[in-house]
Amino acid sequence: MISVRTLARRERQEFADLLDGLSPQQWQAPTLCRGWNARDVVAHTIAYLGQTRVGLTAAMLAARGQIDRLNESARRTNSGLAPDRLRALMRAGTDPSGAGALYGCRVALIECLIHQQDIRRPLGLPRVIAAEPLSAALTFARVSPVIGGARRTRGLRLIATDLDWSAGRGLEIHGPGEALLLAMTGRIEAVTPALVGPGLADLCRR
């Protein structure tokens, strides 16, 4: 069985490969993160991947526990860096450490997996996500207090149609694992067409 650390390392390497191929125009393109372009998303991701646990705790206190404020602060930390520097930072130190190593390296895994999709989908650059990292990210999204997957999907049962994964109780929602993951992380508008089931209307209202 592949370790989560190895999955996280591969995900970050693939993210770096994506960035190597982006044109100057694509770096400025909008993403699934409202109000952020590709450069903003990368700047945000880099800030967390290189952050120590002590640094993360201090940032949380400075943001008074408000995730949106924390994320905006993380983005601003590296927002002035040129794309070449952001690419280099993404590729450097691929082994999860500090805050990225929290929860058995699942923080680094889900950060790189989700934010890569934030950039890829609007640019029309799809990819096939392997079952192992996708399953690990789905499970973590439901238990992470920061991501809030459990809160968004309370009273619903999610069933992946392309891998052996399901979770929750209640009205069912069926769809590809990637679509379920993005829905759990607040990106329901981007994946609604890929989902079906009696619980979908409820999820969209949330």
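**Reading helices, cores and cysteines**

Author: Start with helix H6, residues 83-91, in this predicted model. Leu86, Arg87 and Met90 are buried there.

Reader: Where do the buried residues of H6 fall, seen down the axis?

Author: They fall within an arc of 100 degrees, so they line one face of the helix.

Reader: What comes just after H6?

Author: Gly93 does, with a positive phi of about 55 degrees.

Reader: Let's step back. How many helices and strands does the chain have?

Author: There are 12 helices and 3 strands. Along the principal axes, the C-alpha atoms fill a box of roughly 45 × 35 × 35 Å.

Reader: What percentage of the residues is buried?

Author: Buried residues are 47% of the 206. The accessible surface of the chain is about 10000 Å². Carbon and sulfur atoms hold 53% of that surface.

Reader: And contacts? What share joins residues 24 or more positions apart?

Author: Take the contacts with a separation of 6 or more. Of these, 63% are between residues 24 or more positions apart.

Reader: Which residues have the most contacts inside the largest nonpolar core?

Author: That core has 28 residues. Ile110, Trp165, Leu180, Leu181 and Leu195 have the most contacts inside it. Helices H7, H8, H10, H11 and H12 each give two or more residues to this core, as does strand S1. H10 gives the most, with 6 residues.

Reader: Take Ile110. Which residues does it touch, leaving out those up to four places away in sequence?

Author: Ile110 touches His115, Ala137, Phe140, Ala141, Ile147 and Leu181.

Reader: What does the second, separate core include?

Author: The second core has 26 residues, including Val4, Trp27, Leu86 and Ala108. You met Leu86 among the buried residues of H6.

Reader: Now the cysteines. How many disulfides does a search of the whole structure find?

Author: First the general idea. A disulfide is a covalent bond between the sulfur atoms of two cysteines. The search of this structure finds 0.

Reader: Are Cys33 and Cys105 buried or exposed?

Author: Cys33 is buried, at 12% relative accessible area. Cys105 is buried too, at 4%. Buried means under 20% here.

Conventions:
Residues numbered from 1 in each chain as written. Predicted model: local features only at pLDDT ≥ 70, side-chain atom pairs only at ≥ 80, totals over all residues. Heavy atoms only, no water. Disulfide = S-S within 2.5 Å. Buried < 20%, exposed > 50% of the residue type's maximum accessible area, 1.4 Å probe, protein only. Helix = DSSP H or I, 4+ residues; strand = E, 2+ residues; numbered from the N terminus. Arc of directions from axis to C-beta. Contact = heavy atoms within 4.5 Å. Areas by Shrake-Rupley, 256 points an atom, 1.4 Å probe, with all protein chains shown as cover. Core = buried A, V, L, I, M, F, W, Y, C linked by side-chain atoms within 4.5 Å.
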